[in-house]
Amino acid sequence: MKYFIASDHAGIELKEFIKDILNKENIEIIDMGPNSKDRVDYPDFAKLVCEEVQKEKSHFGILVCGSGIGMSMAANKFDGIRAALCHNIYSAKMAREHNDANVICLGERVSGEGMIEEIIKTWLNSSFEGGRHQGRVEKINNLFSCRV
């Protein structure tokens, strides 16, 4: 199991904080960038992470921008990616347990470090319940082929 992480320039400090949390838990994390606060475009970094998550069902992604909104919108354009924007513990838990989220999106300008740490730990320690949720997740996965 690998965790891929990326941010844009507005999320780089939170990305580093999250990496510290994961390192303390001995979780394998691969940083997809960026490595400076120079302005970058979040869709480019969402793409890097999502392409890695698509390769293996056991891979997960963590995306950070200023609000988390742009990253979640970009990530959900990828087939098989179920990215959840989480600003609290409950949404992180439900994202994994009910929606089988394989990417979590966070906002550096939205949540403080204490909350982020709890969100990350909750997301890591939750797992998909399956059962009545399985059919719904399958419907989500099938929506990718819907185009107007």
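1. Three aromatic pairs turn up in a search of the whole structure, which is a predicted model. In one of them, the ring centres of Tyr3 and Trp123 are 6.2 Å apart and the planes meet at 75 degrees; edge-to-face pairs are those over 60 degrees, so this pair is edge-to-face. Tyr3 belongs to strand 1 and Trp123 to helix 5, 120 residues apart, and the pair thus links distant parts of the chain.

2. Phe60 and Trp123 also pair edge-to-face, because their planes stand at 85 degrees, with ring centres 5.7 Å apart. Since Phe60 is in strand 3 and Trp123 in helix 5, this pair ties together parts that are 63 residues apart in sequence. Tyr3, Phe60 and Trp123 form one aromatic cluster.

3. Tyr3 and Trp123 are both buried, Trp123 with a relative accessible area of 2%. Phe60, at 10% relative accessibility, counts as buried because the limit is under 20%.

4. Helix 2 has 14 residues (42-55), which should span 20 Å at 1.5 Å a residue; its end C-alpha atoms are 21 Å apart, in agreement. Its buried residues are Phe45, Ala46, Val49, Cys50, Glu52 and Val53. These cover an arc of only 160 degrees around the axis, so they sit on the same side of helix 2. Their cover includes strand 1 (3-7), strand 3 (60-65), helix 3 (69-75) and strand 5 (103-107).

5. Ser126 is in the loop between helix 5 (113-124) and helix 6 (134-142). Ser126 is buried, with a relative accessible area of 10%. A polar atom of its side chain lies 2.7 Å from the backbone oxygen of Thr122. Leaving aside residues up to four places away in sequence, Ser126 touches Lys93, Arg96 and Glu97.

Technical notes:
Residues are numbered from 1 along each chain as its sequence is written. This is a predicted model: local features need pLDDT of at least 70, side-chain atom pairs count only at pLDDT 80 or more; totals for chains, interfaces and linings use all residues. Side-chain values use heavy atoms; hydrogens and water are left out. Helices (H or I, at least four residues) and strands (E, at least two) are DSSP runs, numbered from the N terminus. The expected span of a helix is 1.5 Å times one less than its number of residues. Buried means under 20% relative accessible area, exposed over 50%, partly exposed in between (1.4 Å probe, protein chains only). The arc is that of the directions from the helix axis to the C-beta atoms. Contact means heavy atoms within 4.5 Å. A polar contact is a pair of N or O atoms within 3.5 Å; within protein, one must be able to donate a hydrogen and the other to accept it, and residues adjacent in sequence count only if both atoms are side-chain atoms. Rings of Phe, Tyr and Trp (its six-membered ring) pair if their centres lie within 6.5 Å; planes under 30 degrees apart count as stacked, over 60 as edge-to-face and the rest as tilted.
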